[in-house]
Amino acid sequence: MLDAIGVVLATIGNALYGVFWVITHPVQAFNFSDTEAIMRLIFYGASGELLALVILVALGVFIAGMFRREFLWGVVLTIEGISNGVGRFAAWAGLIMVLQQIMVIFLQAIFRVSEISVSPVGLDFTKNLGWYGDGLKFYNGAVVCLCCAYTFVQRGHVRVDLFYASWGHRTKRIMDMLGTVFMMLPALSIMWLYGWFFMWRSLAIPPVNATDTLDRLVLKARAFRWNVETISSSPSGFDAYFLFKVLLVVFCFTMILQAIGFFYRSFLELREEETERGLDLDVLDPHDGVATEGGH
Amino acid sequence: MLFGLDGIEIALLIVFLCLFGGIMTGFPVAFAIGGSAVISFTIIAALDSGGLLIHQAVDDRSAEYAALLAEGIPREAISVFSFPDLPRIEEPLFKRGWEAAFNSDLGQIVNRMDQRVIGGESIETLLAVLMFVMMGITLERSRIAEDLLTTMARVFGPLPGGLAVSIVVVGAFLAASTGIVGATVVTMGLLALPTMLRQGYSPELSTGVIAASGTLGQIIPPSIVIVLLGTLAGDLYAAGQEQRALLAGCNDALTLLGEPAVLSVGTLFQAALLPGILLAGLYASYAFGFALFNPSKAPPVEGEAISSEAVTRNEALTWYLGVPVLIILALIGAGQVGIAGSQDLTVRETELSGTSGLLRTNVSPECQASLIEVHGQEAWDASVEAGGAVDATSRDLSEEEIQAALDAKIASAAPIGTAFAIVMALFAIVIALARGVSPSAPAWPLALGAAGIAVALAIDWTALSPLASSGQRTLALALPVIVVLWSVRIAAVRLGQNELIRVVFPPLVLIVAVLGSILGGVTNPTPAAALGAGGAIMLAAYRKLKDENKTGRTILVAALSIVVMILLGANFDLRVTREVVPFEDWAAFIVAMAAYHVAMLGLLYGCWVLYRTSVLAPVVRETAKVTSMVFTILIGSQLLNLVVISFGGEHYIQQVLRSFEQEWVVFLLVMVILFILGFVLDFLEIIYIVVPIVGPVIYGGTLDPAWVTIMIAVNLQTSFLTPPFGFALFYLRGVAPPGITTGHIYRGILPFVLIQVVGLALLWLFPEVVTILPDLIGK
């Protein structure tokens, strides 16, 4: 037990020292021509120190927000604004995907071409048809990963409200807070932990693992070389598979951010007995239209 | 050992309780699943480290185990359930400690996400989800459901229970075009429910029939349930059959089955069509029967007539039924006697010498026994006699052989091509219907069109040999075809004056285009879904323009260009990168390219119209939300699945299921479990949590995989209807008028849940309903 407390305290101390060190040595910390700096970034990018730091910052904001609620509302609305903005932008990838698929199927089935050139203002961009077909996955991935937080803000994720619907305001908010801390954040943290190294494995060699220690990574730094993954499952397929791994990490990042924002919002709503304050929900209930224009 | 249970059983219980507890907190399901996975892993790891969870595994170092292996029993078949007397050893759940299990199993989560959610190979089918969702939402916004409802209510209203029947018809129609349960139930609940109540329909029947018909979209293709389930089932079937082949002593599933173990979503769509129609029929007959016995609770409703013009019964019978049926019979007859048929003169320049329908005979004795068991002694003997199946080889044919094959093809080619005959038959039906719609309008343009069809067919039969090039063919047929097109245009205008046809036609075209291309095996579900979404956008844009009293001609021209392009593509070789390109192909290519650009620009124009009227952005956003929600649940379920794998739970459940003697008992058990789970879980969770665990067993046997999948799909459709957590009820409750209580809805849905059970029983007794269509189309 004492050991565990010791480890936690050491991690927190390390994290604080790390922040201090980065602030005082910004050039050394982000000098990416130095492979050891990259390896340090990789290590601390999914480490106990980062976790401690995130928790400290989140707690700090939370405690500050307990006294200055307007400040916390500002944080909540900023986070939700980011989620909404990213999601509403990325949603268009779905339409592009449909249009591109239509283009591919026409050209493939009717003209039986094997490649498509797009050359606006003299820039020639020629790719095999398989590239266009395989690339559809990227749009789908973008919609899935980047719109998830947006969907969360918009209450688009299904709830089983068998009991939830019958609970009072306070119980709902408390359950939401507990759910965020004990279910959502742990699951997302695991995905971040493995997703972060997964992404780096697709960007550079030698392969890095979640179990590697800092010393081991620094040792690997000597052999460090950028090696961006371009191989797809089919020979002429989409050649930027690393983007899927980057999407995974971005998914975790946006969702963790949104989870923290949701925790704050639930807390504020618990204290203020008010819901949906400042919530930027899409106004798109088509059935308002039906009700008003019922004559159709 | 706690409570006399095996460690794995306790662990499974912990996962189960955590999952239910997590989901019941009302936290968004996707994260409740992932979160409860982590919580249960933590609890199990803590208990296991404390030495509280002991698994009684079979001791694979014992002499008895070695003896069984020596008897030729494969390792996979030996479990504590099949051989309970084997010596056991006690071991912890995480043999190498929980840290190792965490790292090697839970760490797989990112690979799973990458492979099964975002970028893997099986994702190609899953891409159809977003496109079908977009298609459905666009159609919903273009108010097609509203039009259908009012028109169908007028058609069926005068029957007893007619409004309820019209709900079923509209539900089936919307199901075939969109397949989104929420949208369908909400629309019908808002528009039809108040009318039904006002007309004296009982609240129970009204709510029940709306909720049930709304869920038809989950079974009638294109359905998202089948896309999701089918993607999973395809993998499970392939893996399950491989394992079965290994257990049977064969090298691979191809050897054992004599055919590749493949289950495509396209096949599943074909298989789902008849069961879907069967269910719709059952709903409608229930509504009709209910009305016959309780006339006061479902009275007939007199409405205004559909068409302004009086059509006598005789005329209606002749032109709506008699003539079209005759035309179709003539088409089929012509195909049978060889007047219409293939004119394909392509001759392979290489000969494939492979054998199909034969079994491999150079196999081990165990495999031989299994093959005889699966295929029967006769098939085995026949294969041995024929020398067994060998891998296909190819050789180039000589010039004379090619010429001979070509001559044979010319001799056997039908005088009229199939495609041409079908197109002409369709035109003839349009003309016949137009005659029926307005008998008082002058008949000569239609008669001229009919004559044109006759002349065109006659020219093709007599004057054009199958050798004629596409250019010659076009020139020879141009004049009569132009006459026919002119006549069809007049017919179309007349048909457009009929409200029923005007309302049913646009979604019908979409349905025929999307379903036709999937069912006919022309394209995969994904491209078909994209075409459906594009079509829906153009349809919605056309409606929007009409609402604004603007001309929708651009959209019509674009739609026509698509038809032109497809016809040219089917009749000419448009590959201009060949070494020698005949002039006619160049001409066709230029026209087709122009048509392609017009079509794509028309599509973009449609997008612009919808964007300008602020329809497109909501559609795109809503699509993104639904898609993201579905896939996030998939992500959460992957985490749970990995936790269940990490302590051997998945393997354990599969061994239990495998230990049953009879396969159908296992399947019945699984179906009952799914049915019960349906009361509290939603189809997505069931597909992603339960099916991967039980799938390898139920897909690894002799049951027809398409039948298994459709049975599961119907079962999952029921989960939409079963209180307390039935999606359809949930949506309906949200939009129902104040007088409707939850009690009404629950009582109303009960008969329909029973109908679902009856439907499942029928499909169980008559599996042909599922298999007949794939068999027919496949051959």
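This note sets out numbered points on a predicted model of chains A and B.

1. **Extent of the interface.** In this predicted model, 74 residues of chain A are in contact with 88 residues of chain B. The size of an interface is often given as the accessible area lost when the parts come together. For chain A and chain B the buried area is about 7200 Å², and carbon and sulfur atoms give 77% of that area. On the side of chain A, the residues that lose the most area to chain B are Phe111(A), Val160(A) and Met183(A). Together these residues provide 11% of what the chain A side buries.

2. Two salt bridges are counted between chain A and chain B. In a salt bridge between Lys245(A) and Asp114(B), the closest N and O atoms are 3.5 Å apart.

3. Several helices of chain A each supply at least two residues of the side that touches chain B: helix 6 (92–111), helix 7 (129–146), helix 8 (148–153), helix 9 (169–203), helix 11 (242–272) and helix 12 (286–292). Which helix of chain A gives the most to this side? Helix 9 does, with 15 residues. By residue class, the side of chain A that touches chain B divides into 48 nonpolar, 16 polar and ten charged residues.

4. **Salt bridges that involve helix 5 of chain A.** The search of the whole structure finds 15 salt bridges over all chains. One of these joins the side chains of Arg69(A) and Glu272(A), at 3.6 Å from N to O. The pair links distant parts of the chain, since Arg69(A) is in helix 5 (residues 69–90) of chain A and Glu272(A) is in helix 11 of chain A, 203 residues apart. Arg69(A) is partly exposed, having a relative accessible area of 27%. Arg88(A) forms a salt bridge with Asp280(A), with the closest N and O atoms 3.0 Å apart. Because Arg88(A) lies in helix 5 of chain A and Asp280(A) in the loop between helix 11 and helix 12 of chain A, this pair ties together parts that are 192 residues apart in sequence. The relative accessible area of Arg88(A) is 16%, so Arg88(A) is buried. Asp280(A), at 37% relative accessibility, counts as partly exposed.

5. Asp134(A) and Lys137(A) form a salt bridge whose closest N and O atoms are 3.1 Å apart. The two residues are separated by about one helical turn, because they are three residues apart in helix 7 of chain A. Both ends are buried: Asp134(A) has 5% relative accessibility, and Lys137(A) has a relative accessible area of 0%. Elsewhere, salt bridges that share partners join Glu80(A), Arg173(A), Arg265(A) and Glu269(A) into one network.

6. **Ser266(A).** This residue is placed in helix 11 of chain A. Is Ser266(A) buried or exposed? Ser266(A) is buried, with a relative accessible area of 1%. Apart from its neighbours within four places in sequence, Ser266(A) is in contact with Arg173(A), Asp176(A) and Met177(A).

7. **Glu90(B).** Glu90(B) is found in strand 2 (residues 88–92) of chain B. At 56% relative accessibility, Glu90(B) counts as exposed, the threshold for that class being over 50%. Setting aside its neighbours within four places in sequence, Glu90(B) is in contact with Ile54(B), His55(B) and Gln56(B). Between Glu90(B) and Ala238(B) the separation is 148 residues in sequence and 34 Å in space, C-alpha to C-alpha.

8. **Cysteines.** Cys252(A) is buried, with a relative accessible area of 2%. In chain B, Cys18(B) is also buried, with a relative accessible area of 15%.

Technical notes:
Residues are numbered from 1 along each chain as its sequence is written. Chains are lettered from A and ligands numbered from 1 in the order in which they are written. This is a predicted model: local features need pLDDT of at least 70, side-chain atom pairs count only at pLDDT 80 or more; totals for chains, interfaces and linings use all residues. Side-chain values use heavy atoms; hydrogens and water are left out. Buried means under 20% relative accessible area, exposed over 50%, partly exposed in between (1.4 Å probe, protein chains only). Contact means heavy atoms within 4.5 Å. Buried area is the accessible area (1.4 Å probe) that two parts lose on being put together, summed over both. A salt bridge is a side-chain nitrogen of Lys or Arg within 4 Å of a carboxyl oxygen of Asp or Glu. Helices (H or I, at least four residues) and strands (E, at least two) are DSSP runs, numbered from the N terminus. Ala, Val, Leu, Ile, Met, Phe, Trp, Tyr, Cys and Pro count as nonpolar, Asp, Glu, Lys and Arg as charged, and the others, Gly among them, as polar.
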